[in-house]
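Trainee: Before we rely on any labels for this protein, could we go through them together and ask what each one rests on?

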Amino acid sequence: MQNNGYEEQNINNVQDILGKEFKVLDHGFIRLLEIMGDDSSICQAARVSYGKGTKSVREDRALLRYLMRNAHTSPFEMVELKFHVRMPIFVARQWIRHRTANVNEYSGRYSEMTDEFYLPQADQIRTQSQVNKQARSEDQLDETRANEIIEQMKDSQAESYNEYKEYVAEGVAREIARINLPLSSYTEWYWKIDLHNLFRFLKLRMDHHAQYEIRVYANIIADILKQILPISYEAFSDYILNSVTFSKSELFKIKDSIANFDFDNLTPENSNLSKTEIAELKNKINFIKQL
Ligand SMILES: Cc1cc2nc3c(=O)[nH]c(=O)nc-3n(C[C@H](O)[C@H](O)[C@H](O)COP(=O)(O)OP(=O)(O)OC[C@H]3O[C@@H](n4cnc5c(N)ncnc54)[C@H](O)[C@@H]3O)c2cc1C
């Protein structure tokens with residue numbers, strides 16, 4: 001990329017963020033430890049087959065957006081990020097399902113577990129959702145009951161931690177002493193992932209279907225990416241995060257309502273779409289019309 005202040009600004013943003021601790025939940029955090037590559041590394045990788053030289057930021061942005069829109073994902077794998085994350089074990093269990101990362105976790109066999117446990121805020125103590133079997137609803141419990149539940153959770157966390165400490169003091173192996181500690185215990189790990197797979201993680205875990213307690217971590221990672229990989233994040237936000245897929249039967253339902261829309265008069269000036277995007281939109285509309 002041509003150095004018109006963009007690169008310098010970006011280096012400053014990275015320096016400001018590297019190592020900085022972003023607090024999450026009551027005892028958790030996220031720190032970005034290292035990053036390999038930036039927006040321009042993705043474009044360089046994409047252009048390698050053509051052997052083309054340096055391009056302007058505007059051309060890079062267009063290329064990056066084209067890659068994202070068309071699922072040309074491997075150039076995004078050229079950027080690698082390493083985080084240090086501290087989260088409750090029930091969050092870690094969801095997080096670890098994203099297999100395309102490298103993880104090294106705190107060992108409760110090797111080291112003593114800490115006495116820090118997650119306690120939800122009263123406004124997160126909600127009733128079971130009636131529409132989503134996995135989720136909480138929007139309905140909060142009344143404050144008195146919510147606070148009672150929080151106190152009970154706190155007491156049982158303290159009780160199981162006291163037992164744990166007794167076992168350890170007695171000489172019981174840490175790997176056995178820990179097995180009755182609750183899922184609300186905090187763990188931590190180093191987590192390294194490439195940008196393509198990080199975007200997949202964010203798409204799933206920023207979604208409102210994801211549990212609140214992992215969503216807050218995903219949202220912080222997104223805020224970090226906005227600052228250090230602004231062009232990639234913008235493309236992700238436009239084409240993946242804030243896009244939806246329609247099924248064939250859903251498209252049948254919307255077919256009639258788009259029949260009379262005048263797509264022929266769309267221009268980059270009146271639509272906020274590039275020429276290529278307008279052509280792509282027309283192809284999509286024709287696809288729906290032919291259903
Ligand atoms: C809201 C929500 C609810 C969920 N509920 C449940 C649940 O109830 N129970 C449950 O068990 N899980 C649940 N999950 C986890 C979910 O099923 C996925 O395992 C998780 O989101 C990781 O997604 P992924 O496979 O795309 O990610 P990754 O593991 O990072 O994989 C990324 C891509 O690489 C491919 N890939 C990775 N490893 C391999 C491999 N070895 N072979 C072939 N392809 C591979 C994947 O197919 C995927 O396309 C839930 C996830 C979400 C977001």
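Mentor: What follows sets several computed values against the definitions behind them, and the model is a predicted one.

Trainee: What makes the protein more spread out than a compact globule?

Mentor: The protein has 12 helices and 7 strands. Its radius of gyration is 24 Å, whereas the globule rule gives 19 Å for 291 residues, and since the value is well over that expectation, the protein is described as more spread out than a compact globule. Along the principal axes, the C-alpha trace spans about 75 × 45 × 30 Å, and of the 291 residues, 39% count as buried.

Trainee: How far apart are Val79 and Leu229 in sequence and in space?

Mentor: Val79 and Leu229 are separated by 150 residues in sequence, yet their C-alpha atoms are 9.6 Å apart in space. For the protein as a whole, among contacts between residues at least 6 apart in sequence, 74% join residues at least 24 apart.

Trainee: How do you know that the span of α3 agrees with its number of residues?

Mentor: At 1.5 Å a residue, the 13 residues of α3 should span 18 Å, and the end C-alpha atoms are 18 Å apart, so the two values agree. The buried residues of α3 are Val57, Asp60, Leu63, Leu64, Arg65, Leu67 and Met68. Just after α3, Ala71 takes a positive phi of about 55 degrees.

Trainee: Why is Glu188 given the label partly exposed?

Mentor: The relative accessible area of Glu188 is 21%, and because buried requires under 20% and exposed requires over 50%, with partly exposed in between, the label for Glu188 is partly exposed. Glu188 sits in strand β7 (residues 186-194), and leaving aside neighbours within four places in sequence, its contacts include Phe29, His84, Arg86 and Tyr106.

Trainee: How far is Glu188 from Tyr66?

Mentor: Glu188 and Tyr66 are 122 residues apart in sequence and 37 Å apart in space, taken from C-alpha to C-alpha.

Note on methods
Residues numbered from 1 in each chain as written. Predicted model: local features only at pLDDT ≥ 70, side-chain atom pairs only at ≥ 80, totals over all residues. Heavy atoms only, no water. Helix = DSSP H or I, 4+ residues; strand = E, 2+ residues; numbered from the N terminus. Rg over C-alpha atoms; globule rule 2.2 N^0.38 Å. Buried < 20%, exposed > 50% of the residue type's maximum accessible area, 1.4 Å probe, protein only. Contact = heavy atoms within 4.5 Å. Expected span 1.5 Å × (residues − 1).
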